[in-house]
Amino acid sequence: MIDNGERLRKLVLNSVRFSGLSRISRPFLGGMGAILTMHRVTAAPGTELGFNRHLSIDPAFLDLLIAEMKSDGFVFVSIDEAVDRIAAQASGERFATVTLDDGYRDNLLEALPVFEKHEVPFSVYIAPGLIEGTAELWWDLVEAVVTKRDRLTLNTPKGRVFIDCSTKAKKAYANCQISDYLTCDIGEEEQIEVVRDLAGSAGLDYAGLRQDLLMTWDEIRTIAHHPLCTIGAHTVHHYNLKRLPVEKALKEMSDSALVLELELGEVPKHFAYPYGYQAAVGAREAEIAKAAGFISALTTRHGMIHPEHAEHMHTLPRMSVNGRYQKIGYMSAMLSGATTAMANGGRKVVTV
Ligand SMILES: [Zn+2]
């Protein structure tokens, strides 16, 4: 499905690519480097409707992107080194660091061989609740439910709501409707029961889906011990922290670090905010991440890294390697920094 937003963004990216704006922007807006965000890296995402297509890129595209960025002068570094470079406000060669959120199994099976081929360091951000089954990948689950059924029942406090999913367009609408309900209408802690109930009523094995998609602790230990890998924290339950009281938000961050230390034997130093957009991260969350002891915290706000970010280590923006925009030209346009200002009301240095 191509929505109007996607059409417009592609139009903007193409105008940046073909007008020469990226070449002109780069010295002024390109900054010190970029933190790339990824989720799934797989040649077979296995979803027919593609509602979560933005979260999945092909390993062949990753291979090509790394090669192109290297030939364009980017030096790939670990998140530790990225933080050191930002703190030092180092100029010179531009750096890139790769981050992957949520701990999908394809990170180990399909992305790692690409990182090994190019000797590219990367960091993976784990929410222990997703690994242990006290949280669900609700976005994948909702897509699976909507794909499978022609009609759904959602139990809400106001009663049962019947949702028509009989056509592709209605499935797309239902996917949005249910996602909005889960993320806006009910509390973060209520999400799991509602989504499991929905999956159960559609005859879907939610635990099986989660276990198919995500790494086990043993697999996380395997990838964590790889010399190219750093593990970061991503809360326990993948909650939107802005929707939680301060004590609960701090507990989510601190406890995720504790569980990761227990499982992996090392305290994670870096954090990525679940969702990471404006409605999920603000100045309060940045203060909490600092109080929880992390040396960096990453949002998903669209932006390149500039020397000024030395003062904003807990609101570092990232550049999404988005499955809907798998073209080198789109990525070069974004990495020139030209789109940062466009996406952020003219601002070059993006925080929250
Ligand atoms: Zn996440």
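How many Å separate the centres of domain 1 and domain 2, taken over C-alpha atoms?

Reply: Those centres, taken over C-alpha atoms, are 28 Å apart. Before we zoom in, note that this is a predicted model, where local features need pLDDT of at least 70, side-chain atom pairs count only at pLDDT 80 or more, and totals for chains, interfaces and linings use all residues. Residues are numbered from 1 along each chain as its sequence is written.

Domain 1 covers 4-134 + 216-343, while domain 2 covers 138-208 (the bounds come from an automatic or database domain assignment). Where they meet, 10 residues from domain 1 and 10 residues from domain 2 take part in the contact (two residues are in contact if their C-beta atoms, placed from the backbone, lie within 7 Å).

Now for the nonpolar core, meaning a set of buried Ala, Val, Leu, Ile, Met, Phe, Trp, Tyr and Cys residues joined through C-beta atoms within 7 Å. Buried means that 20 or more other C-beta atoms lie within 10 Å of a residue's own, exposed means 12 or fewer, and partly exposed is in between, with C-beta atoms placed from the backbone. The largest core has 93 residues, and Ile126 and Leu141 touch the most other members. Helix H7, residues 138-148, gives the most to this core, with 6 residues (helices are DSSP runs of H or I, at least four residues, numbered from the N terminus).

Take Leu141: leaving aside neighbours within four places in sequence, it is in contact with Glu136, Val195, Ala199, Tyr206 and Leu209.

Technical notes. Helices (H or I, at least four residues) and strands (E, at least two) are DSSP runs, numbered from the N terminus.
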